[in-house]
Amino acid sequence: MAIGKSHRRKDVRAKVTGKTRYTDDYSMPGMLEARYVRSPIAHGLVKNIDTTAALALPGVEAVFTFADVPKNVFPTAGHPYSLDPDHQDVADRLLLTDHVRYHGDEVAIVVARDRLTAGKAAKAVVVDYEELPICVTSAAALAPDAPAIHAGGNILKSTSFEIGGSLAEAETRADLTLQGTFRTPIVLHCHLENHTAYAYMDDNDHLVIVSSTQIPHICRRIVGQALGMEWSRIRVIKPYIGGGFGAKQDVVLEPMVAFLSTKLGGAPVKIEMDREECLVATRTRHSQTVTARAGVTKDASITFIDLDVISNTGAYASHGHSIPMAAGSKCCHLYPRAVTKFSAISHYANIPAAGAMRAYGSPQLFFGMESLLEEAARSIGMDSVEFRLKNCARPGDIKAKTGEYEHAVGIKECLEKGSAAIDWEAKKKRYATQTGNIRSGLGVACFSYGSGTYPACVEIAGCRLVLNQDGSVHMQVGATEIGQGSDTALAQMATDTLGLSYDRIHVVSEQDTDVTPFDPGAYASRQTYVAAPAVHAAADKLKRKILTHAALMTDESVENLNLANGNIVLQDQPEKVVLDLRDLALDSYYHKDRGGQLTAEVSSKTRTNAPSYGCTFVDLEVDIEMCSVTIKNIINVHDAGRIIHPLSATGQVHGGMAMGIGMALFEELMIDSETGWIYNGNLLDYKIPTCVDIPDLESEFVDTFDPTSPYGNKSLGEPPIISQGPSIRNAIWDATGVKINEMPMTPKVLFTHFRAAGLL
Amino acid sequence: MFPIENYHYATSVEDAVQHLAAYEGTKILAGGTDVLVRLHEGKSGYGHLIDINGLDELKTISMDESGTIFIGSRATFTEIITNDIISRNVPMLAQSLLTIGGPQVRNTGTMGGNICNGAVSADSACAALVYEFDLQIQGTEGERRESIHGFHTGPGRTILQQGDLLKSFVIRPENYTDFKASYIKYAMRGAMDIATIGCGAAIKMHGEEVETFKLAFTVAAPTPIRCPTAEKTMKGAVISEESLKRLADAVAADVKPRTSWRASKEFRLHIIRTLAKKVTRQAVDNQGGTC
């Protein structure tokens, strides 16, 4: 079995030896470079643009302004197209605008022979603005007299649902009702490889775009919409990509490079963002205000959870209202016997556009939910772990959102494993009475998540397998490898179903929408879950074709044959080799009278969405005078179904934990609330924790098998980032008696709260 | 690619000084950890460079018979940190420099740059102030020696004139002999950061009593500063909770922290008080051995 073993990743040798080629490693003769002219104000109208000085610089090819771009308003979110017009993404972008909506908005673009010249010329473009009133915060954007950032006003959408029973009735059953308001920061993805793309035309009718994207097929459609071109005339190529975390689940540069190439006779034109641009002019994580209410009985049953989210989506909709809604629909798996009410409002503001970011609204929502439920547990005098064990999902619970039964549910085991690993009970006693400047605390928080987007969006995946002349197999998948390891996981699946050795499966990692099977891309922790059925079916199909050909070559019937370890063997006597697959492959290609190229291709749709679960346990120390937190021990425990590749899975969890700690204790994009000016759009002032700030990370998995996947696996890409914030917040409370209902819990924030509480 | 307009590779100190004097606005390129970053950002005023990386005489770290220590302005942070003269005699300097950036920055950045760029947050500034550095400067009129006291005149500003090139730092033996010292960098993360507040202390004991006490801060005023009021409270004192509290109370008179988006005045003041106590205790206890 290949599954469950940490095989050498398909890309690892090339990556560590520097051989993998990324978008910026490709170049073409005559490639031009483009740089945006960005707005220095957060809200205003362009009154005049003077490009004379820019055009006069040697090496400048062209300058385009908002007046030159197609008037096709397009959406940018990396969602599959929806047949339901009401469910389609909000189209609110033009390639360039004369109505700037955030500090950094794009009014013009310069194309030059090199990047330096383009940058110089962009600075030489003179723009006059008429300044408009600015709203940065939710309160300002939702005020009755707020300036309209888009024609329809500042409210993007507002929705709510109530499930699992009646809230009014559940309120009457509660012995105690609690309420709290929680604030989360704007966080940046900080993927290693900045956004970069180039485009050229390889004849008069077809555009080729090479881009660092998580969503090549969606990108093709959106470029078509933006330029008013037939989708089939656009070809998107994705080479290796240096991370995205959701920032590349949006179409950002591709329509622009495509537009520029069409305007410049098909010449190759590239935009390579620098880090500072990438931080503020692509996408961010939504800052949210979560007002949570919960009711509990004296015997510790949660009767209801009522969550109300205000989500600031910034200057443009991007993923917009999908962010709070997705998190809302995934959170009700955790405590399914409580009534859940969820409401959310998404609004525009004069700040950078927020989009998809790892775990898509869930870290924000669970910060509110798991912080408030901690208060519920403490209010009735129950241990935090015991309280969660009593209320969490069990096999056989009904999923309130769909009415289906839960299958594999491992949250109880996660809590038990984590509690034992951190030595919860002994430490609880030890930390019970503390005084002095340095105090220790314990915290726990749980989460639930989904595997993909169904039923909100279509879940389609594709796999093509080709038996090569030498008996190995080439695999092409629509699943997009962005560093998460999907190529490897899917190769392991094909290995097991085909009966080949792992080394005999070659994965075509580069995606090319002209030839790659269709799949919308890497997001929603969907990739291994929704691609698994396609891989399974394609492998099964190819195996049958191989055995059919084996039957032609031998006297055995298909039913008597099997493929194992790369050989054709007898079904009943697997040790008996009938044919070497290499010989069979040569025969299928070159025999003059029988066979052919043996291939299998499957496109499949997934109509299930398995919930995954987990929790974070943390043991930390607070130095009150120094306003600092030191994590002594932090453990994530996950129920992600069957673990396909343990080493990659651990890597995913560690990476997520580090990002989660960053959001909890360090990171925030700071914007002046009056002017919309961005203070810290660079990696010195925007504080990602360094390796000395991140403690040793521990992770565990519980053993479940989800029957909705042919290989038992569930989501794992995003879940590791969800529960650090509330667990750290709960541990700081445990240590100091101070509840901090905002992230990040930086020294400055701790100072304010400790002083208010009289500790300083 | 960097938008460099003029570049001159200096062949001698005199050549560098002549060029600096002749072309106003020329920036000295040493380690490049500030200048190249500014250039990359496209900041104006950095297009004219004089590269002093060929001037190896500015890299020397030495001590004469009197115990006076000389540190060349081009010595990198790593070269200073790993130098025996430094670790034996002024270990708090090495401790301070270890808090700068990451290994790559320390391998190329120089202390000359750290002091001469006038940064309010310079991690070497507290050490310079408590060890009372002198600065050996070559100008068009010849060589002169200036004290670190008064060298910084404001954020990003120093007394250096057009045509001046810092050659070396000078530390006299009376300013380090029998002193214990320590530095604490208070920042928002453990590495790759600029100080929210930096605090250094040097202390000479006479039995149980403090004979001489020197306290310095960065980011607590428009320039790195010493704290005369706070220092006075410690003269003749015994290190105790009470004397440290007096110290913390007195330090408010020496500092002028301000509110910015990075941190509020109240928060900075709290950290200044906390660090004054902590760094003093650390200087006495650890002899400057740990951060």
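Predicted model: local features only at pLDDT ≥ 70, side-chain atom pairs only at ≥ 80, totals over all residues.
1. B:E132 is partly exposed, because 18 other C-beta atoms lie within 10 Å. A residue needs 20 or more such neighbours to count as buried, and 12 or fewer to count as exposed. B:E132 sits in the loop between helix 8 (125-130) and strand 6 (134-139) of chain B. Its phi is positive, about 55°, although B:E132 is not a glycine. Most residues other than glycine have a negative phi.

2. Now look at A:C190 in chain A. A:C190 is not a glycine, yet its phi is positive, at about 55°. Find A:C190 in the loop between strand 8 (176-183) and strand 9 (196-201) of chain A.

3. Check two peptide bonds in chain A next. Most peptide bonds are trans. The bond from A:Y454 to A:P455 is cis, with omega near 5°. A:P455 belongs to the loop between strand 16 (438-449) and strand 17 (460-467) of chain A. A:M743 and A:P744 are also joined by a cis peptide bond, with omega about -5°. A:P744 lies in the loop between helix 18 and helix 19 (747-756) of chain A.

4. Turn to a pair of helices. Two packed helices are described by the angle between their axes and the distance between the axes. In chain A, helix 10 (residues 362-379) packs against helix 18 (residues 724-736) at an angle of about 30°. Their axes are 8 Å apart. The crossing of helix 10 of chain A and helix 18 of chain A is right-handed. Helix 10 of chain A contributes A:P363, A:F366, A:F367, A:E370, A:S371 and A:E374 to the contact. Helix 18 of chain A brings A:G725, A:P726, A:R729 and A:N730. By class, the residues of this contact are four nonpolar, three polar and three charged.

5. Next come the domains of chain A. The assignment gives domain 1 (27-131 + 195-272), domain 2 (287-454 + 608-756) and domain 3 (460-605). Domain 1 and domain 2 of chain A are each written as two segments. The C-alpha centres of domain 2 of chain A and domain 3 of chain A are 40 Å apart. In their contact, 21 residues of domain 2 of chain A meet 16 residues of domain 3 of chain A. What classes make up the side of domain 2 of chain A that touches domain 3 of chain A? That side has nine nonpolar, 10 polar and two charged residues.

6. Consider chain B as a whole. Chain B has 11 helices and 14 strands. Its radius of gyration is 19 Å, close to the 19 Å that the globule rule gives for 291 residues, so chain B is as compact as a globular protein of that length. The C-alpha trace of chain B spans about 60 × 50 × 35 Å along its principal axes. Of the 291 residues in chain B, 48% are buried. Among contacts in chain B with a separation of 6 or more, 63% join residues 24 or more positions apart.

7. Chain B also has domains: domain 1 (6-49), domain 2 (60-172) and domain 3 (180-285). The C-alpha centres of domain 1 of chain B and domain 2 of chain B lie 19 Å apart. Here 11 residues of domain 1 of chain B contact 16 residues of domain 2 of chain B. The domain 1 side of this contact in chain B has six nonpolar, three polar and two charged residues.

8. Finish where the chains meet. The contact takes 13 residues from chain B and 19 residues from chain A. The chain B side has eight nonpolar, four polar and one charged.

How values were computed:
Residues numbered from 1 in each chain as written. Chains lettered and ligands numbered in written order. Helix = DSSP H or I, 4+ residues; strand = E, 2+ residues; numbered from the N terminus. Rg over C-alpha atoms; globule rule 2.2 N^0.38 Å. Contact = placed C-beta atoms within 7 Å. Nonpolar A, V, L, I, M, F, W, Y, C, P; charged D, E, K, R; others polar. Axes fitted to C-alpha atoms, helices over the stretch in contact; angles between N-to-C directions. Left-handed = near helix turned anticlockwise from the far one by under 90°. Domains from an automatic or database assignment.
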